[in-house]
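Welcome, and take a moment to look at the model below. The report that follows walks through a few of its parts.

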2 protein chains.
Amino acid sequence: MRDEFARIEWLKARFDLDPNHDANNVVVGIGDDAAVVDFGNRPTVVTVDTQVEEVHFRRDLISCRDLGYRALVAAASDVSAMAAMPSASLVALSLSAAVTDDEFRELIEGLAEAARHTGARVVGGNLSQAASLTITSTVFGSPISKPITRAGARPGDGVYVTGTLGSAALGLAIVQAGDREATHDEAFIERWRRPPTHERAARALSSLATSAIDVSDGCLQDLEHICAASNVGATLRADSVPSAPGYRASCEALGLDPVALALTGGEDYELLFTAARSAEAEELGTKIGDIIDGSGVQVLDETGRAVELARTGFRHFS
Amino acid sequence: MRDEFARIEWLKARFDLDPNHDANNVVVGIGDDAAVVDFGNRPTVVTVDTQVEEVHFRRDLISCRDLGYRALVAAASDVSAMAAMPSASLVALSLSAAVTDDEFRELIEGLAEAARHTGARVVGGNLSQAASLTITSTVFGSPISKPITRAGARPGDGVYVTGTLGSAALGLAIVQAGDREATHDEAFIERWRRPPTHERAARALSSLATSAIDVSDGCLQDLEHICAASNVGATLRADSVPSAPGYRASCEALGLDPVALALTGGEDYELLFTAARSAEAEELGTKIGDIIDGSGVQVLDETGRAVELARTGFRHFS
C-alpha cells in the first residue's frame, strides 16, 4: 500500500466507516478536491499545528500510534482554549521512506482515536513524501458561546490551570534518560504520550474565563502571552502549582528542578485561564496566581519573594 | 527576526494591515490560539496542500516569493474546482536554517499576493523548524451554490478544460534545462511560477458543470479520477488539447512530446470539468473529449485511433 491513491482509498474507508463519528455535518468527506463541512450558523474556530520529526519528536522515543494521537490532540487543544468544541479536521502527512506500511496504519489509528476523543472528525487531508515525517493538523471548532481569546484578563482576576503541570515534560525526561524506576514513572510517560482532551473544560471556560490559552510552550511563557495580549501583568505562586503524585520525587531522582520544570517545561496541553475569583473557577482549575496592573509575569515563592527560574520552555528559532 | 514570536508579530502586521483584504468575516485573526472566521450560513469547503522542498520544488529553481504564491494558489485551486470562492486560509511553515530573513519575508509576500488574488485571506498559521522548507496551506471557501464534486459526470457530457495544458510542465522543463532561447520560453516559465486563479471560472462551473477537478497531477490522471468517482469512462481527443502559442516548437526544441506533456505533465492548475454540451461550456473551456459508458480514459488521435502515452504525471509513492 505504498501507492498514494491506494492509501487514500484505505483512509477513506477507515475514517468514513468509523461508527463513533457523527457525520451529520460532513457534506463531502475524504477523496474529492476538498471536503465540505456544515459548521452551522456560528463563526468557526480554525487552527493549524505542525509536528516535525527531530524537531518536535524523535521516532525512537514514541510509537507512530502515539504520534498520531498527540499531533491531533495538540491541535485540538488550541480550539478548546478558545472555548470551542472541535468538530472536524484535515491532516496533512509528509511521510519519509522509513515509515513502513504498518507504521502508516498505526499513525492513522492514533489520529482516528484522537478524532474520536476530541470530536475533530478527519474530513480530508494530504499525503506527500518528505525526508522527515511531518504531521500538520488543521482543526475546526464551534464556539460554545463567545470565543475566549488571550486578550481579556483584568487586574484582580485569578490565574488558573486545569490538571497538573510538568508531568509531560517529566515523562519525556524519563524516556530520554531510559530510566523508569520510580512507582509513578509510567504514569508520567503516559501523560506525555497521551495529552488530555478538554470537552468539559471548554464548556466551563465559555461561561467564566476572561482569557485562556493552552499550555504548550510552558506555563510561564504562555501566561506571558496572556499578559501581553491583555495589557496586564501577573504574579505566579510557585508553591501553588499543581503536580501529580510522585512528581517531586521523580524529578529529584533525575536531578530536575520540579518548579522550573512545571512552569517552563512544555507539552502539558492543559488550559491556562483567567477569571474573576469564584468557586466555579476553583472547581475547573487550580489557582496559581493573580492578574495585576503592569506587564510581565513575576514568579513568587511561598514567602512572596521573587524567584528566578532557569527557562526550559520550548521556543523555536531561539 | 529569527525569533518565532517576533516573526508572528511581523506576520500579524503584514496580513492584518493589508488594505486589499476584506476582513469582515474575520472575528479573531492571527496571534491567538486559533482564528475565528464567520463563513456565513452555508457549508464550508476545506482543503489542505503541502509543498515540500526536494519533493515538490527545488529552491535553486524558484524564488521564495514564487514558492509562497504557488503554494497558496495550488491549494485554492482545489476550492475553485468545487465551485466555491476561497475566503480564508491558514499557512503552516516549516523553515530550514537555510531560509534567510529576506527569504522568509519574500515567502510571506508571495503568500500575501496569492491571498489577495484568490481571496483566501491568511487568518492564522504555524511556524516551526525543519530540515527541509515545507509549506502547508489550508484553504477555506464558500460554495457559490451546490459544491461540484468529482462524482457526477454522465455519459453524453463533454469534457472541458480551462486555459491551456502543458505550459507549466514545459516551463519547469525549460528551467531545468537552463536553456531559455525560444521567444515564448519566458512565458512558459512564468506560467509555471505563477499558476492561474479561477474566480470567474468557479462561478460559471457552479451553474453548468456535472463534475470538476483541478489539473494538478496531469490532465489524463485527473480525468481518470473523475471517471472513477462518477462510474463512467471517457475519450480524450489528443488533437483538441489546447496549448499556448509557441508550445509545440519549444517542446520540440527540448525533445519533449507535446501531446504527452500536455496530457500527463503536472502543475497546470487549470480546471477540468464535465458538462452537457453547450455554448456556455465552450465559452468557459475547450472541449477535449466525451464522457461515455464504461470505465477508464482512452486517448484518441485525430483519426479516432487509440494512442498510448508515456506517462509523466506526478504521483507520490509510486
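In which hand of crossing, left-handed or right-handed, does α4(B) pass α5(B)? The crossing is left-handed, a term used when the near helix is turned anticlockwise from the far one by less than a right angle (right-handed if clockwise).

Before going further, please note that this is a predicted model, in which local features need pLDDT of at least 70, side-chain atom pairs count only at pLDDT 80 or more, and totals for chains, interfaces and linings use all residues. Residues are numbered from 1 along each chain as its sequence is written, while chains are lettered from A and ligands numbered from 1 in the order in which they are written.

**A helix pair in chain B**

Helices (H or I, at least four residues) and strands (E, at least two) are DSSP runs, numbered from the N terminus. The axes of α4(B) and α5(B) come within 7 Å and cross at roughly 110°; axes here are lines fitted to C-alpha atoms, for helices over the stretch in contact, with angles from 0 to 180 degrees between N-to-C directions. The two helices are therefore roughly perpendicular to each other, the label for angles of 65 to 115 degrees (under 35 is roughly parallel, over 145 roughly antiparallel, the rest oblique). Among the residues making this contact are Leu170(B) and Ile174(B) of α4(B) and Phe188(B) and Trp192(B) of α5(B). Residues are in contact if their C-beta atoms, placed from the backbone, lie within 7 Å.

A residue is buried if 20 or more other C-beta atoms lie within 10 Å of its own, exposed if 12 or fewer, and partly exposed in between. Eight of the 11 residues of α4(B) (residues 167-177) are buried, so this helix is largely enclosed by the rest of the structure. Its buried residues pack against α5, α8 and α9 of chain B. After α4(B) comes Gly178(B), with a positive phi near 65°.

**A covered strand in chain A**

Strand β3(A), residues 44-52, has nine of its nine residues buried. Both of its faces are covered, with Val46(A) and Val48(A) among the residues on one side and Val45(A) and Asp49(A) among those on the other.

**How the two chains meet**

A rotation of 180° with 0.0 Å of shift along its axis superposes chain B on chain A, with an RMSD of 0.0 Å. The two copies are thus related as by a two-fold rotation axis. Copies are superposed by least squares on the C-alpha atoms of residues with pLDDT of at least 70 in both. In chain B, Asn41(B) comes closest to the axis, at 2.3 Å (C-alpha).

The contact takes 55 residues from chain B and 55 residues from chain A. On the side of chain B that touches chain A, β3(B) gives the most, with eight residues. The copies meet through the same surface, because 100% of the interface residues of chain B are also interface residues in chain A.

**A buried glycine**

Finally, where does Gly285(A) sit? Its place is in the loop between α10 and β11 of chain A. Gly285(A) counts as buried because 23 C-beta neighbours lie inside 10 Å. Leaving aside neighbours within four places in sequence, Gly285(A) is in contact with Tyr160(A), Val161(A), Thr162(A) and Phe273(A).

Technical notes. Contact = placed C-beta atoms within 7 Å.
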